[in-house]
Amino acid sequence: AMNLKQTIKLAAKSIGARKGRTFLTMLGVIIGLAAVIILVTYASGTTKQMMELMQSMGTNQIQVSAYKWSSRQDDDSVFNALYNYCRQMDDLVVGVTPSQSCWATIQYGAKSSRTMDYSDYDHYPPEVYLGSDQWAACNNAKIAKGRDLTYLDVQGNNQVCVLGSRAAKLFFNYADPIGETMTFDGVPFTVIGVYDERVDESTLTEDNQWYKQQNNFILLPYTAIRALKVGGSSSVSSYSTDFVVKAKNSAASQEIQARLDGFLKTLVGDAKTGSSYGGYNIYSQDSYIDSTEEASKAQQALLGGIAAISLIVGGIGIMNIMLVTVTERTREIGIRKAIGAERKNIIIQFLIEACMICGIGGILGILVGYAGTLIVCKQTLGIILLPSYGITVGSFVISVGLGIVFGLYPAIKASGLQPVEALRAE
């Protein structure tokens, strides 16, 4: 009986004798594995970027919409009640704010939002948000200079505004905006602060340019609606019915949602019991993040599956070549069996040969996959991404497994040859 070392030597010799043919056979495995590695890593890279950007906008946000049928345009009692209720839960709640935006013509000196370019995210007009003094806490914004809105600004209908980093650059370039006056539909507001970048713009790719809007906004106190309406702004007619409550963490988020549900039932009525004098809806931003994550996992599986088909094609190529090899070496097999080689020795010899072809192909496939991933992710996502350890090891195991699966039939066929028949073969 031959030992393992001899068997491996023999397999290597057999592979080396037909270099061109063996390489073409390996090519199927190389291309298949590289495709799996590149596609799966690319899919997980896009997911990671999406998640980071979503989280930069703030996690643990609870979106609430609530209204009363009877409320007049200048009635902000729903928000005031919500604000006071959330203040009582300050161990769970980070902040609460209306979630409202309006279109207004913004002017400073000769610069006007009317002349800005909607087709270019570098010169896109800023959005105008109307929020409470806790807007920044709810939306992941931190003051870079000046000050934030205060409770007194909101209660006193103060005509002040805070700029996002990109809006500040658009209107003021590198000059200091603090203390300057901007007009919104002709109504003057004093700039009191500038927020830091909420999204790091240097990491954005071609596909993610719209995230620049996360820095391109101007915040006014939500009570500024009164001043804007006097100024003739038609884009905002009444107080918001949409609010954001920001929880301290995901455990608090569950608790707050349950409590808000009870509170809003008494505040605007419960449609289920028929005591409805309004309506409300509560949903968590995190459930959206979770569903996005699930969808991207499905996308990874789909892309991986498509690439795996080419691996199977590669495996069939290996089976084909091994069957040809068996036919070519029928005499050799006959002699070995006549001398007394057992069936299992012959099976092992052919299996090792198939596994070697696949293993070498696997290593080359992983190298091509790594290079391809670097190039594809740098070009499309703008980041350097390497395949995970799991994908790399998994790919190698799969390629050797292919050798076993597709090498088994030819090996069994070889071991089943009758010595007399085999020796007769030309």
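Is Asn140 buried, partly exposed or exposed, and what is its relative accessible area? In this predicted model, Asn140 is partly exposed, and its relative accessible area is 28%.

## Two asparagines with positive phi

The backbone of Asn140 deserves attention as well. Its phi angle is near 60°, a positive value in a residue other than glycine. Asn140 belongs to the loop between α4 and β7, the latter covering residues 143-146.

Asn173 also has a positive phi, near 50°, and is likewise a residue other than glycine. Asn173 is placed in the loop that runs between α6 (165-172) and β9 (181-184). With a relative accessibility of 48%, Asn173 counts as partly exposed.

## Aromatic rings

How many aromatic pairs does the structure contain? The count comes to twelve. One of these is formed by Tyr83 and Tyr151: the ring centres are 5.7 Å apart and the planes meet at 25°, so the pair is stacked. The reasoning rests on a cut-off, because planes under 30 degrees apart count as stacked. Tyr83 lies in helix α3 (residues 77-88) and Tyr151 in helix α5 (residues 151-155), so this pair ties together parts that are 68 residues apart in sequence. Tyr83 is buried, with a relative accessible area of 4%, whereas Tyr151 is partly exposed at 38% relative accessibility.

A pair of another kind joins Trp135 and Phe217. Their ring centres are 5.1 Å apart and their planes stand at 45°, so the pair is tilted. Trp135 is in helix α4 (residues 135-138) and Phe217 in strand β11 (residues 217-221), so the pair ties together parts that are 82 residues apart in sequence. Trp135 and Phe217 are both buried.

## Cysteines

The structure holds zero disulfides. For Cys86, the reason is distance: the closest cysteine sulfur, in Cys138, is 8.7 Å away from the sulfur of Cys86, which is too far for a bond. A disulfide would require the two sulfur atoms to be within 2.5 Å. Cys86 is buried, with a relative accessible area of 3%. Cys377 is buried as well, at 0% relative accessibility.

## The cavity

The structure holds one cavity of 30 Å³ or more. The volume of the largest cavity is about 70 Å³. Which residues line this cavity? The lining consists of Ser14, Ile15, Arg18, Arg21, Thr22, Ile321, Met322, Thr325, Glu353 and Ile357. By class, four of the lining residues are nonpolar, three are polar and three are charged.

Four helices each supply at least two residues of the lining: α1 (4-17), α2 (19-56), α9 (285-328) and α11 (343-380). The largest share, three residues, comes from α9.

## Separation in sequence and in space

The distances in the table run from C-alpha to C-alpha.

| Residues | Apart in sequence | Apart in space, C-alpha to C-alpha |
|---|---|---|
| Tyr118 and Leu351 | 233 residues | 63 Å |
| Ile363 and Ile30 | 333 residues | 8.1 Å |

Tyr118 is found in the loop between β5 (111-112) and β6 (127-131). At 49% relative accessibility, this tyrosine counts as partly exposed. Ile363 is placed in helix α11, one of the helices that contribute to the lining of the largest cavity. Ile363 is partly exposed, with a relative accessibility of 46%.

Definitions and conventions:
Residues are numbered from 1 along each chain as its sequence is written. This is a predicted model: local features need pLDDT of at least 70, side-chain atom pairs count only at pLDDT 80 or more; totals for chains, interfaces and linings use all residues. Side-chain values use heavy atoms; hydrogens and water are left out. Buried means under 20% relative accessible area, exposed over 50%, partly exposed in between (1.4 Å probe, protein chains only). On a 1 Å grid over the protein atoms alone, a cavity is a set of points where a 1.4 Å probe fits but cannot get out, and a pocket is an open set with protein on both sides within 12 Å along at least five of seven lines; lining residues have an atom within 4 Å of a point. Grid points are joined across faces, edges and corners, and a volume is the space filled by probe spheres set on the points. Ala, Val, Leu, Ile, Met, Phe, Trp, Tyr, Cys and Pro count as nonpolar, Asp, Glu, Lys and Arg as charged, and the others, Gly among them, as polar. Rings of Phe, Tyr and Trp (its six-membered ring) pair if their centres lie within 6.5 Å; planes under 30 degrees apart count as stacked, over 60 as edge-to-face and the rest as tilted.
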